[in-house]
Number of protein chains: 2
Amino acid sequence: MIPVRIPSDHPRAESLHVREKLVQAYSNGIVATSGLIAHGRGEAFDYILGEKTTRPARNAIEVAAAILLTANSPVISINGNTAALAAKDMVRLGAITASKIEINLFYRSWERELAVKKLLLKAGAHDVLGVGANASAKIPELSSERRRVDPKGILSADVVLVPLEDGDRTEALVRMSKKVIAIDLNPLSRTAQKANVTIVDNLVRCAPLLTKVAASLKKKGHRECEKIAHDFDNGRNLAESIILMKNNLSTLAKAELAGRR
Amino acid sequence: MIPVRIPSDHPRAESLHVREKLVQAYSNGIVATSGLIAHGRGEAFDYILGEKTTRPARNAIEVAAAILLTANSPVISINGNTAALAAKDMVRLGAITASKIEINLFYRSWERELAVKKLLLKAGAHDVLGVGANASAKIPELSSERRRVDPKGILSADVVLVPLEDGDRTEALVRMSKKVIAIDLNPLSRTAQKANVTIVDNLVRCAPLLTKVAASLKKKGHRECEKIAHDFDNGRNLAESIILMKNNLSTLAKAELAGRR
């Protein structure tokens, strides 16, 4: 990979830096080929979203933090892209919310598992579930290696946070009666639609915010968290994200017409 | 790369097949790492567009064909993703419109140039410009290897078709007073905005259509083509694509709200 010089005044420098980080993690065997394509899809949705954390995203972040804090056995599921972009934040979130950290790769390989585990330990994790023979349980109705989960982790969890998950797995977890919190820039994806709480935001932006909100809510206590989690309507919140994107496109179309006339 | 079995009844089987084709070309050294991310961005915009060739795209295709047919020295610029997804169509279009074929890679390497050239020759090309020392001229104001062009091709062309081009290069070509025809699924990209004619469509869908339209327009003669090219307003046409995307999001937001209530 040829390194790219990104001028600091480039209008989309932030997005390009994140991309470089991901490509670097790809060379290190942490990110899969399909993870690069998935990242591109996210970039497009983020662009239409205005590359900022929206009000519905802030709502979902608060609810997600409240649910993690009141769960009996929460687990944060880590794949290659999440490890590459937000390992430290996820480990910190795990510590604040007493959530276990489990590696869960769509394309499992011993080498990738170890590379991701190494990164998580370096980010401060004490215990990393789902590696090798520990991922001995199976999610029903899923084929191949991606159904493997850790009996001490996702299998027995009541709440699972899945940043950047695929639709089949999200659906399978929901069918197992787990509460699923997803982070997904595409409000139209099956993951976004099937999850109980969907944070439509860039993982790089929302991970530190989620951690901060969790730390602050923790001080307010269990009952306050239960109240926040109770009244949330994910469908309505998703629709708000879609409407924001629609409005952004509307503004851009008007600018296009005005600029050319 | 682990091959993925795509069920033929999968709602997005077509898109997944195209993705597999690109990943295959990536393993063969034709597509660059950044080409995978770029493809992901395209997938997202295509999804919002409804994964079909729209009316404004058909307009732009007709105008593009007319401009290529009336050009003095048209060139089709081929990068890794274009070669992977539409080599045969681009060679056929070159034959119909008497356009030269030039390889123009963002990340140039001798190996990639040769791999792309081999693919183009296999697709029926007779002469492939822009390879190795033949790309001896430079586009002003562009840094590094991506400014290199062939004096017999892009440097002396009056019209350049750039499927899947980056913004800097498109701008540079426009500043050199070349008429630029772009194929880009993102109507908001700098390439889409700066080009003289922008086809907002999936390359896989529009390449055969562009070839067919060119063959049919060729029979109608030069004057008819000039007439078609004359009255086109790219800004207005782009705005129509953006409005279509906006309307699709609107419909999806309504479905989301209706389904959850």
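A crossing of two helices counts as left-handed if the near helix is turned anticlockwise from the far one by less than a right angle, and as right-handed if clockwise. In chain A, α3(A) and α9(A) cross in the left-handed sense. The contact (C-beta atoms, placed from the backbone, within 7 Å) brings together Glu62(A), Val63(A), Ala66(A), Ile67(A), Leu69(A) and Thr70(A) of α3(A) with His222(A), Cys225(A), Glu226(A), Ile228(A) and Ala229(A) of α9(A). Sorted by type, these residues come out as seven nonpolar, two polar and two charged; here Ala, Val, Leu, Ile, Met, Phe, Trp, Tyr, Cys and Pro are nonpolar, Asp, Glu, Lys and Arg are charged, and the others, Gly among them, are polar.

This is a predicted model, in which local features need pLDDT of at least 70, side-chain atom pairs count only at pLDDT 80 or more, and totals for chains, interfaces and linings use all residues. Residues are numbered from 1 along each chain as its sequence is written, while chains are lettered from A and ligands numbered from 1 in the order in which they are written.

Now for the sheet. Chain A has an open sheet of six strands in the order β3-β2-β1-β6-β7-β8, paired in parallel. β3 (128–129) and β8 (197–199) of chain A sit at the edges with a single partner strand each, so one side of each has no neighbour in the sheet. Strands here are DSSP runs of E of at least two residues, helices are runs of H or I of at least four, and both are numbered from the N terminus; two strands pair if DSSP finds at least two bridges between them. β1 (residues 74–78) and β6 (residues 159–163) of chain A are joined by three bridges, and Val75(A) has Val160(A) as its bridge partner in β6(A).

Helix α1 (residues 13–27) of chain A packs on helix α4 (residues 80–97) of chain A at about 125°, with the axes 10 Å apart; axes are lines fitted to C-alpha atoms, for helices over the stretch in contact, and angles run from 0 to 180 degrees between N-to-C directions. The crossing of α1(A) and α4(A) is right-handed. Val18(A), Lys21(A), Leu22(A) and Ala25(A) of α1(A) meet Asn81(A), Ala84(A) and Leu85(A) of α4(A).

What about the second copy? A rotation of 179° with 0.0 Å of shift along its axis puts chain B onto chain A (RMSD 0.1 Å), with least-squares superposition on the C-alpha atoms of residues with pLDDT of at least 70 in both. The two copies are thus related as by a two-fold rotation axis.

Key
Two residues are in contact if their C-beta atoms, placed from the backbone, lie within 7 Å.
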